[in-house]
Amino acid sequence: MKRYTRFAMALHWLMALLILTTLPLGLVMEDLPLSPHKLQLYAWHKWIGITVLALWFVRAAWRMTHPAPALSAGMPHWQQLAAEWTHRTLYLLMILIPLTGWLMSSALGFSVVWLGIWKLPDLVAPDHALGETLKHVHAWLNDGLMAMLGLHLAAVLQHEFILKDHLLRRMLPGRD
Amino acid sequence: MSLLRLCRIRMAAGALLWLTATLAMSAPYVRINTAASSIGFVSTQMNVPTSGHFGRFAAQVRFDPAALVQDSAQVTIALASTDAGNAEATGMLADKDWFDTAHWPEARFVSSSFRELGGNRYAVAGTLTIKGHSVPVTSVFVATPVVGGIRLDGQLPLSRKAFAIGVGQWADTSVVADRVVVVFHLLVQP
């Protein structure tokens, strides 16, 4: 079976780890009462989100210059289409979510200071109403991301345990 | 006449003109135009600078760049009018751990001396009292004459811990920094 390159695997799993950390962080932190702990969580959430945004460009560049390893032979057309569009949607969400996060942070009057070191430029001037709108868009896109991640994972399980064509190995290191 | 001498004469004439102009407008600035003035602050949480401002304040200022010894300033800020730049934080500021506005409604600055730093820059030393703590502070500001008055733009850095602002769980300065910078823009008229 033809696999992704080690570089692509590293990017995939690193981003998976970062997204699966910052997404639940985002879900939890919002409803916490204001405390130093909450401010820390917000900072970490933003640092990880900006890291995902930066890695996105590396990953998109890799993907645009390298075709994905072939899917299993004889896979129904609709499944190929579903795989194609789930991946496209995931790529779209992986850039839109950190971007809307950064935008809402700027609009709500908080600059993003990556790792507490590098102050990113504010994308928009403070505007509370815009900030609230962006907050909803950010949350809504994340609902979409969770649905897409669910599909992504369901497909992995289906290929691994029902179809048994072990497509997952394309994304795991090992011998061909 | 040498060029150098000509220059010297022109410089002397210029200095004289400047002196005359200064003397002519040496009436002190005493009336603060609150509508055209603002007092805010920048606090830092997780290394993120965040701006806020004070909605209500009153000031008695006497500022005359030519007679600094006689100058004075008294500024009183209604702390309940503080906007921390974010609704959640603003809502918390009245709490006991922060300003405790029920017991300490005002912050007050009283000057003790003014000093010239050169180039329109001045320093004012004084005492800042918040939450019953009186602490000596110094502010550096720039005085810019404008039509109908003088603008005083400056900063006053302070330690929030010195005033017990943000105690209890907020005492940790690795999240909310100890240093808070008060930023003011005052228009004072004759």
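A:Y91 counts as buried, at 18% relative accessibility; buried means under 20% relative accessible area, exposed over 50%, and partly exposed in between, with a 1.4 Å probe and protein chains only. A:Y91 belongs to helix α3 of chain A. Its C-alpha atom is separated by 9.9 Å from that of A:L145, a residue 54 positions away along the chain.

The model is predicted: local features need pLDDT of at least 70, side-chain atom pairs count only at pLDDT 80 or more, and totals for chains, interfaces and linings use all residues. Residues are numbered from 1 along each chain as its sequence is written, chains are lettered from A and ligands numbered from 1 in the order in which they are written, and side-chain values use heavy atoms, with hydrogens and water left out.

Chain A contains four helices and two strands. Helices (H or I, at least four residues) and strands (E, at least two) are DSSP runs, numbered from the N terminus. Read from the N terminus on, the order in chain A is α-α-α-β-β-α. The C-alpha atoms of this chain fill a box of roughly 55 × 25 × 25 Å along the principal axes. Of the 176 residues in chain A, 41% are buried.

Chain B has two helices and 11 strands. Its elements, from the N terminus on, run α-β-β-β-β-β-β-α-β-β-β-β-β. Buried residues account for 39% of the 190 residues in chain B.

The next topic is the second largest pocket. On a 1 Å grid over the protein atoms alone, a cavity is a set of points where a 1.4 Å probe fits but cannot get out, whereas a pocket is an open set with protein on both sides within 12 Å along at least five of seven lines; lining residues have an atom within 4 Å of a point. The second largest pocket holds about 1400 Å³ of space, where grid points are joined across faces, edges and corners and the volume is the space filled by probe spheres set on the points. Its lining consists of 45 residues, and A:H12, A:A83, A:H87, A:L90 and A:H152 are the ones nearest its centre. Four helices of chain A, namely α1 (6-29), α2 (36-65), α3 (77-107) and α4, each supply at least two residues of this lining. The largest share, 12 residues, comes from α3(A). By class, the lining has 31 nonpolar, nine polar and five charged residues; Ala, Val, Leu, Ile, Met, Phe, Trp, Tyr, Cys and Pro count as nonpolar, Asp, Glu, Lys and Arg as charged, and the others, Gly among them, as polar.

Over all chains, the whole structure has five salt bridges, a salt bridge being a side-chain nitrogen of Lys or Arg within 4 Å of a carboxyl oxygen of Asp or Glu. One of them joins A:E84 to A:R88, with the closest N and O atoms 2.7 Å apart. Both residues lie in helix α3 of chain A, four residues apart, about one turn of the helix. A:E84 is partly exposed at 37% relative accessibility, and A:R88 is partly exposed at 45%.

Another salt bridge links A:K135 and A:E132 (3.8 Å, N to O). These two are separated by about one helical turn because they are three residues apart in helix α4 of chain A. A:K135 is partly exposed, with a relative accessible area of 28%, and A:E132 is partly exposed, with 27%. In chain B, B:D71 forms a salt bridge with B:R62, the closest N and O atoms being 3.0 Å apart. B:D71 is buried, with a relative accessible area of 5%.

A:F161 is in helix α4 (residues 128-162) of chain A and is exposed, with a relative accessible area of 55%.

A:H166 has a positive phi of about 50° although it is not a glycine. A:H166 sits in the segment after α4 of chain A and is partly exposed, with a relative accessible area of 24%. B:M46 has a positive phi of about 50° although it is not a glycine. B:M46 is found in the loop between β2 (38-45) and β3 (48-54) of chain B and is buried, with a relative accessible area of 10%.
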